[in-house]
Amino acid sequence: MSRKLLIEHAEVPGIASFETYRKHGGYASVEKALKTMSPDEVVEEVKKSGLRGRGGAGFPTGMKWSFLAKPEGVERHLVCNADESEPGTFKDRYLMEKLPHLLIEGMITSSYALGARRSYIYIRGEFMYVLRILEKAIAEAYANGMLGKNILGSGYDLDLVVTPGGGAYICGEETALLESLEGKRGNPRMKPPFPAVKGLWGNPTVVNNVESIAAVVPIVNEGGDAYAKIGIERSTGTKLISASGNLVRPGVYEIELGLSVEEFIYGDNYCRGIANGKKLKACIPGGSSVPILPHYLVTKTAAGTDRLMTYESLADGGFASGSMLGSGGFIVFDEDQCIVRNTWNFARFYAHESCGQCSPCREGTGWMEKVLYRLEHGTGTLEDISLLEEINKKIEGNTICPLGDAAAWPVAAAIRHFRDEFEWHVKSPQEAQTRNYGLIQAPLEA
Amino acid sequence: MKADHPQAVNEAPIDFSAHTMAEINRVIGLFPEGKQKSAILSILHLVQDEFGWVSVGAMNRVAQILDIQPIEVYEVATFYTMFHLDPVGKNVLEVCRTGPCQLVGSDDLISYIEEKLDIKVGETTKDGMFTLKTVECLGACGYGPMLMCKYQFYERLNKEKVNEMLDAMREASKS
């Protein structure tokens, strides 16, 4: 069984209260950092830990922190991205709902490291009940001297505010989030300048995912080196995985990076296999924006080695036969699911969520949705499949933010691996309306 | 009148309750001096909590409170999908229709509610009790199919649970 560094106490009764959380060792990282470490020493530990951003991009957190500009007399901010909206991802909600003080503790320790004195948690508006939990926990932290002036007598002051979004996937993109936090439409900004130089209200800002900030707590408590010992290669530490789709036991799991995908899907401690005794058809391992894998590439790579839950192993084979760990939104399809229908569904999602700022994304996501609708509803042509590939190439890389890529890549991957199923929808439209295609065969080894 | 109407700025601002105003002042106070606009999404949520939806008159009042142009409120209110810009029923059922929920039966859930309430997605029941909407991913993928109503999540839904939920909502909305 994996070690749990984040959610070990999640189910302890009363753990959402300051008192119980403190009894279980809570706020130790704040004491250690503020009383015995300099801000730079905290940054150093995070660098040593190898922690990579848990929101999806996987960029090293310590390095991101070290880019923060520190001009004299200019305020800096830490902003927590709690706008969890990537389809298939629901881990941050679990963490914040069960362990609000873990996030607050991480915010204090991280803000101290960055020299931020006003920090913000931007949470998606639909999680209003979680916002209330956080508000209550923040009030408790103030009452117990963990927030406000002169925290623990260290001379360090910090104010922390939690504020809601209003329903927009794009606000998970860090510059769109900052626009939204300034009270504007969530249109991503051109970069550079990066938020580390000009972020919230033009001040140097670090934006980190909920889970990344929570991970700073065990990193400071146990040391960056100890954290880096968990995991494999450049995938260090533990990761929260949100498992959804046709599984016996979907839910949020904390795994040590390096666990095999086989064990995660079928193991007794994890998802316990495919629901209703069915077979695995496909898996999207890192949230809806990453490439889908057909069943024969889920537990094994194209080279025949075991596929592991790491940034590297899930990406093994590149876009030809691999995918990405992304946000850890692990979506599992059983043999009765229709890939064309699902691809259309996600295309509709991206068309709905495009902010409309860049033409290739605004128009392209809409076209893809329409073409996929035709294919799914029996009026598509074989040319439509090549048309999708064309549109894809015109979106990819031509937009301000990665939403365009996120919309394009899953469609490209679905066609790459499931072309037969798409063609079947064109050639046998009547039949495609009455039954699903079933499992595809693995291509014969050359 | 809609926010994109040329005369929208002339619509009379409406007043908010004392409770809403107190909450509005609290959320404005969370941000530094001069950055009160950051509270706009919180304020629009509060307005919607009071009236059920966000009218042009309400937006014009928000503009006055924040000391910004009405267009700055319209452009925000029309961008974020949680804000209802038309009157809605007492209970707005927002069913997640995105991939992970679809894999576990959200299409059937939507059809069942349509049949049960005798309305289509986007419509309101004649008695004004329910509005049915579909929304994109609500971050509850492991507990689908699901819907949100009044910020509350109803998860792992089946016909029986939907029946119970609708009855409870009818009961609660009677008063």
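**Notes on the domains, sheets and contacts of this model**

1. Chain A is divided by its domain assignment into domain 1 (18–229), domain 2 (232–334) and domain 3 (339–434); such bounds come from an automatic or database domain assignment. Please keep in mind that this is a predicted model, where local features need pLDDT of at least 70, side-chain atom pairs count only at pLDDT 80 or more, and totals for chains, interfaces and linings use all residues. Residues are numbered from 1 along each chain as its sequence is written, while chains are lettered from A and ligands numbered from 1 in the order in which they are written.

2. Let us begin with the parallel sheet. Four strands of chain A make an open sheet with parallel pairing, in the order E3-E2-E1-E4. Strands here are DSSP runs (E, at least two residues), as are helices (H or I, at least four), numbered from the N terminus; two strands pair if DSSP finds at least two bridges between them. At the edges lie E3 (159–164) and E4 (205–209) of chain A, each pairing on one side only. From one strand to the next, the twist averages 20°. Strand E1 (residues 77–82) of chain A runs parallel to E4(A), joined by five bridges, and Cys80(A) has Asn208(A) in E4(A) as its bridge partner.

3. Helices also pack on this sheet. Helix H7 (residues 128–143) of chain A touches strand E2 (118–123) and E3 of chain A, and its direction makes about 165° with that of E3(A). H9(A) lies across E1 and E4 of chain A, at about 90° to E4(A). Angles run from 0 to 180 degrees between N-to-C directions, and axes are lines fitted to C-alpha atoms, for helices over the stretch in contact.

4. The other sheet has mixed pairing: five strands of chain A form an open sheet in the order E8-E7-E11-E9-E10. Its edge strands are E8 (251–256) and E10 (293–294) of chain A. Within it, E9 (residues 280–284) and E11 (residues 329–334) of chain A run antiparallel and are joined by four bridges; Ala282(A) stands opposite Phe333(A) in E11(A).

5. How do domains 1 and 2 meet? The centres of domain 1 and domain 2 of chain A, taken over C-alpha atoms, are 27 Å apart. Each domain gives 20 residues to the contact, which counts residues whose C-beta atoms, placed from the backbone, lie within 7 Å. On the domain 1 side, helix H5 (91–98), helix H9 (210–222) and helix H10 (224–229) of chain A give two or more residues, and H5(A) gives the most, with three.

6. In chain A, the axes of helix H14 (residues 339–353) and helix H15 (residues 359–376) come within 8 Å and cross at roughly 155°. The two helices are therefore roughly antiparallel to each other (over 145 degrees). Among the residues that meet are Trp344(A) and Tyr350(A) in H14(A), and Met368(A) and Leu372(A) in H15(A). The contact divides into nine nonpolar, three polar and four charged residues; Ala, Val, Leu, Ile, Met, Phe, Trp, Tyr, Cys and Pro count as nonpolar, Asp, Glu, Lys and Arg as charged, and the others, Gly among them, as polar.

7. Finally, between the chains, 33 residues of chain B are in contact with 47 residues of chain A. Helix H2 (40–51), helix H4 (70–77) and helix H5 (99–103) of chain B give two or more residues to the chain B side. H2(B) gives the most, with five residues. By class, that side has 19 nonpolar, ten polar and four charged residues.

Conventions
Contact = placed C-beta atoms within 7 Å. Parallel < 35°, antiparallel > 145°, perpendicular 65-115°, else oblique.
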